[in-house]
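Here is a short report on a structure.

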Amino acid sequence: MPSTKVGLSRDDLIMRGGVVLLAALLLVIVGLPLWALLAKGFEDRDGKFVGLANYVSYFSTPALFNSALNSLHVAAVSTVIVVPLAFLYAYALTRTVLPMRWLFQGIALIPIFAPSLLPGLALIYLFGTQGFFKALLGGGSIYGFDGIVIAQVFYCFPHATLILVTALATADARLYEAADALGASKLRVFFTVTLPGAKYGLISAALVVFTLVITDFGIAKVIGGNFNVLATDVYKQVIGQQNFSMGAVVGMVLLAPAALAFVVDRLVQRKQVALLTARAVPLVPKPKPGRDFVFTLICTLVSIGILAILGMAIWGSLIKYWPYNLSLTLDNYDFAKFDANGWDSYWNSVEMAVGAALFGTALMFTGAWLTEKTRGFHVVRGVVQLLAFLPMAVPGLVLGLGYIFFFNAPGNPLGFLYATMGILVVNTVAHFYTVGHLTATTALKQIDPEFESVSASLKVPIWRTFSRVTAPICLPSILDIAIYLFVNAMTTVSSVIFLYSPDTKLASVAAVNIEEAGTTAAAAALCVVIVLTSAAVKIVHLLADRFLLDRLQAWRRR
Amino acid sequence: MTYLEVRSLSKRYGDFTALGDITLDIAEGEFVCFLGPSGCGKTTLLRAIAGLDPQSSGTIRQKGRDVSALPPAKRDFGIVFQSYALFPNLTVADNVGYGLVSRREKRAAIAARVVELLAMVGLPDAGPKYPAQLSGGQQQRVALARALATSPGLLLLDEPLSALDARVRLRLRHEIKALQRRLGVTTIMVTHDQEEALTMADRIVVMNHGAIEQVGTPQEIYRRPASAFVADFVGSMNFLQGTLMAPDKVQVAGVDLACPGQDGLTLGQKVNLCIRPEDVRVRDLPQGTANRLTVEVTELDFVGAFCRATLKARATTDVAMTADFSSNLIRDLGVERGTQLDVALPPDRLRVFAA
Ligand SMILES: Nc1ncnc2c1ncn2[C@@H]1O[C@H](COP(=O)(O)OP(=O)(O)OP(=O)(O)O)[C@@H](O)[C@H]1O
Ligand SMILES: [Mg+2]
């Protein structure tokens, strides 16, 4: 039985127009590039359709196919190491009483602010051909499997920890009291209450780490040596051999595990019912000297590991001539000596990050609002939702490759974007679209759903309520999205490595190039500058959140 | 004059019928309550009238204009939600003036109107405060002032008092009612609190399972419930199972009781004979009083202003009912557990429903 067709108000028309525009935009920046990539895999070098020929040759070339196995191997081992480690750390942060908890929390986040090649560079200083501790390897080499895994553990640690902290923080104290009252042993409580409660977090963390490792490019590039993985293969096929069709095939192979992990995660999370009901009592850990000491020790060791890697990169960047002349210098920061762009690549990065933060935040928040608040129009809203979720499942390299094929295609009216700063910004926004969209959606779901009804009854245009009420209320989330985009834009390598032009080279890409040319110190220096910039922005954000927002948003106070 | 005409309104969610064929007229200036148990479709009906969740079929006319297919922004109503939906980042004055600003009125005129509205709801000094700094009852009044600011022809209230504590609720009942009477604005209020409906409404629409059970003044609903559901839902009611022996006689557990003449029922049919606890008479029972029974008081619960007694007929313990006795009566007659009394069930206070 069809509902009475209700006429559309001007608000409805504006909103629907917005949703259609958003769908079209997402199609252009996400859907079509992926489609172009898919199509490319079925063409030969001259653009003739060859069916599955490229795939056949991929799977029958052991050198190529081996990389896929290598990628899976590295990802599996890294996951098995990172997840338990992050679980211990997250458990310490949420369920025990740590001295200087904020410090441990902060240290765990450091890797997020670094481009992924940073841990690779640090490992070269420590264990490389001329490394300090090379002797410890006993003839072995850090280049290859071991080096990649160690660097990946550093790089993925904060992502897993953040997920597990969230999972462990949402515990209901009443469950523990009940278990205590029933006289259950500590071990039994852990296995019957704690672990099941964190089950979905653990699955999610494992899948995220797995995907991060499979899709990361920087680490394997720097410290992979002759150990080939999918990500480096894509790069070699495209940049080295200019074999775009084979690049596309490897990209599709790279997409498969990432997309699969994403789908599994979605299915699992859907099963999760809200463990935390409105009446749950938050768990506040009580001091327990023995346990607290053990966990403080664990956290200290992990923190030392993280700081050692960061510290090594910083120190290395300040050294004159490793390992023969250890005196300190700022020469390595004079990037013009190592790369034609000099400091320009850094400023390009900053420009790109600011652009992505501004344009991306506006787009993601407005887009999430349009998708949430438009009345009816389910089909188009569904398309938007799908396109907004897609980037999460797509590795940066794959998206970047799709951008080449799509924007560089002859006759594409958007071709003028190719090799501009614009395409870097658009690509970065598309690459990180999902998280921003989800953050905005969550924030919007938390505010009273009747605001729009009230405005309609008062005959106030809906966009007015958006700008006067909805957006100001969501300001903290809007800032979160902006910072997230800024930091990721500063550090990303994979999605932009195919898209820069000589004028728009980014710092992270320059670091890869400099390292390729053999100057580890300058590459490390560039990474350090990136870390300092993104961490500084984050710290300013935290301070602003604490002091400025409080003053601006007096209405939050009771 | 009919202000709002609802005709054959239905609302379906998939296979589920939330509202089935609702027809209702509301007069100009009337205060109408939608009353019913949770999930009966009160909110659904209110939101359909506002256009927020349009009906599946049926029509709505407001002041003679067919609004059935109009979006909310093109209808004429003010609304207050259970959550109040006040804008937390705007001051009380900005909240109240929210609908006035977009009408391009002069700043001074808006300010004056806001002052007037705030005075009207008894919060003359709240203007510069933020909603979070007000109590629940105060927020409720601000929401009311905001809804009334644009002088809508129809005021819709969805359980406006349910989030408040009992005392505040009682006071606001009177204030809202007085305000409504003063402004003469046609008002629909959704509630599941029968006392609220009885004290505030000019007319009550009792709903159940997406259908209207009865429409009437509070007195009609209370005194002459049209169905067993209404009888049970509004106020307390004794249900005595019996058989209709004659149009004006019901036999309950072997005892014949006189009742008002029935014509919709067939003789010999199983029926429920209903009487409210406060209608059971104890004093002034002259010889020949109809429906006289000798009962024993088996329970006596103190409820404050009165006591609720459980009575069992002596002739047959199958007849049991509750009755409300005033403190005076209990003192005068020395009623306590085990006391035997003569009571009467006045025929004009009895209602008969098919069982
Ligand atoms: N969006 C929806 N989809 C499916 N069913 C719905 C939806 N909205 C309401 N219903 C169902 O319609 C029925 C009527 O809902 P409604 O909100 O009108 O009840 P109500 O009388 O206002 O109850 P309450 O007193 O609890 O507010 C309920 O059974 C509810 O489950
Ligand atoms: Mg309701």
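## Second largest pocket

The second largest pocket holds about 1100 Å³ of space. Among its 41 lining residues, A:R375, A:G376, B:L52, B:D53 and B:P54 are the closest to its centre. A pocket here is an open set of points on a 1 Å grid over the protein atoms alone, where a 1.4 Å probe fits and protein lies on both sides within 12 Å along at least five of seven lines; lining residues have an atom within 4 Å of a point. Grid points are joined across faces, edges and corners, and the volume is the space filled by probe spheres set on the points.

Helix 1, helix 14, helix 15 and helix 19 (451-457) of chain A each supply at least two lining residues, as does strand 1 (2-13) of chain B. Helices (H or I, at least four residues) and strands (E, at least two) are DSSP runs, numbered from the N terminus. By class, the lining has 16 nonpolar, 11 polar and 14 charged residues. Nonpolar covers Ala, Val, Leu, Ile, Met, Phe, Trp, Tyr, Cys and Pro; charged covers Asp, Glu, Lys and Arg; the others, Gly among them, are polar.

## Model and conventions

This is a predicted model: local features need pLDDT of at least 70, side-chain atom pairs count only at pLDDT 80 or more, and totals for chains, interfaces and linings use all residues. Residues are numbered from 1 along each chain as its sequence is written, chains are lettered from A and ligands numbered from 1 in the order in which they are written, and side-chain values use heavy atoms, with hydrogens and water left out.

The predictor gives the complex an ipTM of 0.82 and a pTM of 0.87. Chain B has a mean pLDDT of 89, with 100% of its residues at 70 or more. pLDDT is the predictor's confidence in each residue, from 0 to 100. Among the elements of chain B, strand 3 (residues 31-35) has the highest mean pLDDT (95) and strand 13 the lowest (85).

## Helix 15 of chain A

Helix 15 of chain A (residues 378-389) has 12 residues and should span 16 Å at 1.5 Å a residue; its end C-alpha atoms are 16 Å apart, which agrees. The expected span is 1.5 Å times one less than the number of residues.

A:R381, A:V384, A:L387, A:A388 and A:F389 are buried in this helix. Buried means under 20% relative accessible area, exposed over 50%, partly exposed in between (1.4 Å probe, protein chains only). Their cover includes helix 1 (10-40), helix 12 (244-271), helix 14 (344-373) and helix 18 (433-445) of chain A.

A:H437 sits in helix 18 of chain A. At 1% relative accessibility, A:H437 is buried. Leaving aside residues up to four places away in sequence, A:H437 touches A:M364, A:A368, A:T371, A:Q385 and A:A388. Contact means heavy atoms within 4.5 Å.

## Chain B

Chain B has 10 helices and 19 strands. Its C-alpha trace spans about 80 × 45 × 35 Å along the principal axes. Of its 355 residues, 51% are buried.

B:E30 lies in the loop between strand 2 (16-27) and strand 3 of chain B. B:E30 is buried, at 11% relative accessible area. B:D263 lies in the loop between strand 13 (255-258) and strand 14 (270-275) of chain B. B:D263 is exposed, at 76%.
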